[in-house]
Number of protein chains: 2
Amino acid sequence: MGIYDIIPRMKNILYAQSGGVTAVINASACGVIETARANSDNIGKVFAAKNGIIGVLKEELIDTSLESDAAIAALKHTPGGAFGSCRYKLKSIEENKAEYERLIEVLAAHDIGVFMYNGGGDSADTAHKISQVGEKLGYPVQCIGIPKTIDNDLPVTDTCPGFGSAAKYVATSIREASYDIAAMASSSTKVFVMEVMGRHAGWLAAAGGLAREQDADGPHIILFPERAFDKAAFLNKVSAAVKQYGFCSIVVSEGVKDQDGKFLSDNGVRDAFGHAQLGGVAPTIAQLIKQELDLKYHWAVLDYLQRSARHLASQTDVDQAYAVGKAAVEYAIAGKNAVMPVIVRESDAPYKWHIGEAKLADLANVEKMMPANFISEDGFGITQACRDYMLPLIQGEAYPPFINGLPAYVKLKNELCKKIVEETNYASR
Amino acid sequence: MGIYDIIPRMKNILYAQSGGVTAVINASACGVIETARANSDNIGKVFAAKNGIIGVLKEELIDTSLESDAAIAALKHTPGGAFGSCRYKLKSIEENKAEYERLIEVLAAHDIGVFMYNGGGDSADTAHKISQVGEKLGYPVQCIGIPKTIDNDLPVTDTCPGFGSAAKYVATSIREASYDIAAMASSSTKVFVMEVMGRHAGWLAAAGGLAREQDADGPHIILFPERAFDKAAFLNKVSAAVKQYGFCSIVVSEGVKDQDGKFLSDNGVRDAFGHAQLGGVAPTIAQLIKQELDLKYHWAVLDYLQRSARHLASQTDVDQAYAVGKAAVEYAIAGKNAVMPVIVRESDAPYKWHIGEAKLADLANVEKMMPANFISEDGFGITQACRDYMLPLIQGEAYPPFINGLPAYVKLKNELCKKIVEETNYASR
């Protein structure tokens, strides 16, 4: 290039995390920032919203250029959400136009040409709307979604970054607990119940089924939110497993409902003050087994551990999380708008995939449920089709570095930019 | 040796696992069997009791010589109890002399000269008694204990194999969950409660404290069974953490008691039928925080996962578990009786240790509690003395091999020897 070439105005990127975090959402952030740094001819700064979209409304923007290359690289192996996430869904434009205007105002003030929203279906919807509003307000901003959710419920994409690692952790955990109870069952505990996340769809519960390679292996029973709880059939199945294998190992989704569509975890238990019981469908199922079959039980509830267990992340998942972050920057450079990079599967075995381009409009607010043919006929297990789909997603062990016996995760400096927009009612949120 | 040398009668070993299994009890079994195989000049077969001492009473003895070297080597990375364990405490000799006589009868029938009992304080007591009874009945048997328990409550030994791996898992898990909640706290969950095992002593709860390297790191609060639950002080501490760090991360021992010495998990909650609530002190604590401070919470219960998570075992722990198994065979060859190999600490940093010899009588039925100076003054954290003690025990990552995305654990053939003792009343247990 000659020295007289016009230097194009650099686009800054604003990256925000949304909703429940995962073991690999920071790997996507790493992909975004590293790719932007490698393309400093085309991209300006990467700002990150503090605590997601709320940080944009409050004009709390983190200047990631102040972080070292080493710190950014370490995001690839750090769980949680490095800049903070939030549970905050923007209202519709009709209901709260001022909120969108405020967003555009903040983006414009910081020369942000690209907004990247790393989340699930809600986030795709929000990013899509911001793209439309910017256009109308005369400040067009490229909006690019980056997929993320352990729930694996986004359409179009083969899988959602975050799911593969959670699935690997769930399957490993129920395998290990099943080895434990198998040793104890002759004289002690006969039933183990492990509760996993998934209020609407049984993807993570199904992942537990990957641990079962032979009939005797746990889990012997999976309870899916897709199937109404059939108490009699369930208890029969527990009895049969204990009779045949000596013990029964169970994975239950938090979203399991009874025949009337009521969550099993809301079992009417009340404390002395009339407060609802403390939650957890695993203890409910365990107690039922005790009452009806008089079998000794143990139960575990994974909760946040299943989505933060970066120590056991799937290499495939980490690679894909990084790849969608990287692709988002490439889309930004190519001038794309209202799109999301997604995972496209080419084949199951060997698993081959590439990044494809999807429209945000096609992903917004659509939940992908498990295919009916992933659940076995009796409703308590997974099929070969399910295994074929899921096994590739848990391949490879992407261990983090350990220091002094514990995983060494990074904490960023997260220094905020100076606020330059006049304070509004959003500033005090 | 000349051909006229007298070939000594080979001692067979009977190895049995006892009580709750761990991530590394099979590593001790591996140490026993591999060392016996390497000393086939001095040691006959290694039998393993099926399901612990019950298997001896029922004369269900597994012939480990039928297992391949590869299968035995794989025990070193396999959780659970490969031959089955049991919760069964022998009565005193006075109460049930016949039971001891039956044991000796079975040992004698299979030419067993050495009985190895891999367990905690109860098992040390049992092994000690069997040694005394054998002597009296004219069939002296060398009884050798092998230490094991995630509870870390055996005296004499520096630590108990099984504890270090559970501690590493607990500390890693609360670190990871703390990263998660830190990202969510601004607009959602503010408190995370993780329940760990330890009904009588807070060793595992204390291990959670290793994750906290800076003030802001979780866990901010540990609830120990050693300290009566002080509701007001606890709630103040939760509020303070949320105010200062934005969130509060808590580790609670299942054994926490109120001021009257009653388990907190027994909180009087009853279902519609008057049955006691479903257990779990984590949900109890979480509910308390919701009621008193109105903070959004999440909770997890680790249960069996913390003692079976072989995928995150401590290399130090695996080494020690193997070493006590190996030493047990060396003691057997040396003709020792009523002893247990234990871990002797030489220094904290660098951590140096060797195997020492302890008398079973000194270990039997004695519980080692946490030193008072391991708990911080306010009762909610650990001290530097505790860190200095514990950190060495979680060092090193002894990853198992993975196949197809999941840890590859071994299942033995576990073929039983032919029964040769006349059936007695114990045979039908």
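Q: Is B:Met116 buried or exposed in this predicted model?
A: B:Met116 is found in strand β4 of chain B, which covers residues 112-119. In this predicted model, B:Met116 has 28 C-beta neighbours inside 10 Å. A residue needs 20 or more such neighbours to be classed as buried. B:Met116 therefore counts as buried.

Q: Which residues does B:Met116 touch, not counting residues up to four places away in sequence, and how far in space is B:Ala328 from B:Met116, C-alpha to C-alpha?
A: The residues touched by B:Met116 are B:Ile13, B:Leu14, B:Tyr15, B:Val32, B:Ile144, B:Ile146 and B:Ala328, with residues up to four places away in sequence not counted. B:Ala328 is 212 residues from B:Met116 in sequence. Their C-alpha to C-alpha distance in space is 7.6 Å.

Q: Which residues touch the most other members of the largest nonpolar core?
A: The largest nonpolar core has 288 residues. Leaving aside neighbours within four places in sequence, A:Leu14 is in contact with A:Phe47, A:Ala49, A:Val56, A:Leu61, A:Leu107, A:Ile112, A:Phe115 and A:Met116. The residues that touch the most other members of this core are A:Leu14 and B:Leu14.

Q: Why are α1(B) and α11(B) described as oblique to each other?
A: Helix α1 of chain B spans residues 25-38 and helix α11 of chain B spans residues 315-333; their axes come within 7 Å. The axes cross at roughly 40°. An angle counts as roughly parallel under 35 degrees and as roughly perpendicular from 65 to 115. The two helices α1(B) and α11(B) are therefore oblique.

Q: How do the residues of the contact of α1(B) with α11(B) divide into nonpolar, polar and charged?
A: α1(B) passes α11(B) in a right-handed crossing. The contact includes B:Val32 and B:Ala36 from α1(B), and B:Ala328 and B:Val329 from α11(B). Also among the contact residues are B:Lys326 and B:Glu330 of α11(B). By class, the contact of α1(B) with α11(B) has 13 nonpolar, four polar and two charged residues.

Q: What is the orientation of α8(B) to α9(B)?
A: The axes of helix α8 (residues 231-245) and helix α9 (residues 281-293) of chain B come within 11 Å. They cross at roughly 75°. Angles of 65 to 115 degrees fall in one class, which makes α8(B) to α9(B) roughly perpendicular.

Q: Which residues make the contact of α8(B) with α9(B), and how do they divide by class?
A: From α8(B) come B:Leu235, B:Val238 and B:Ser239, while α9(B) gives B:Ile289, B:Glu292 and B:Leu293. The residues of this contact divide into four nonpolar, one polar and one charged.

Q: Which element gives the largest share of the side of chain A that touches chain B?
A: The contact takes 66 residues from chain A and 66 residues from chain B. On the chain A side, the elements giving two or more residues are α6 (163-184), α9 (281-293), β9 (297-301), α10 (305-308) and β13 (406-407). By class, that side has 33 nonpolar, 23 polar and 10 charged residues. Its largest share, 13 residues, comes from α6(A).

Q: How exposed is A:Gly44?
A: A:Gly44 is in strand β2 of chain A, residues 43-49. Not counting residues up to four places away in sequence, A:Gly44 touches A:Met10, A:Lys11, A:Asn12 and A:Asp111. There are 18 other C-beta atoms within 10 Å of A:Gly44, so the class is partly exposed.

Q: What is phi of A:Glu59, and what is phi of B:Glu59?
A: A:Glu59 lies in the loop between α2 (53-57) and β3 (61-63) of chain A, and B:Glu59 lies in the loop between α2 (53-57) and β3 (61-63) of chain B. A:Glu59 is buried, with 24 other C-beta atoms within 10 Å; B:Glu59 is also buried, with 24. Phi is positive in A:Glu59, a residue other than glycine, and is near 55°. For B:Glu59, phi is near 55°.

Technical notes
Residues numbered from 1 in each chain as written. Chains lettered and ligands numbered in written order. Predicted model: local features only at pLDDT ≥ 70, side-chain atom pairs only at ≥ 80, totals over all residues. Axes fitted to C-alpha atoms, helices over the stretch in contact; angles between N-to-C directions. Helix = DSSP H or I, 4+ residues; strand = E, 2+ residues; numbered from the N terminus. Parallel < 35°, antiparallel > 145°, perpendicular 65-115°, else oblique. Left-handed = near helix turned anticlockwise from the far one by under 90°. Contact = placed C-beta atoms within 7 Å. Nonpolar A, V, L, I, M, F, W, Y, C, P; charged D, E, K, R; others polar. Core = buried A, V, L, I, M, F, W, Y, C linked by C-beta atoms within 7 Å. Buried ≥ 20, exposed ≤ 12 C-beta atoms within 10 Å, placed from the backbone.
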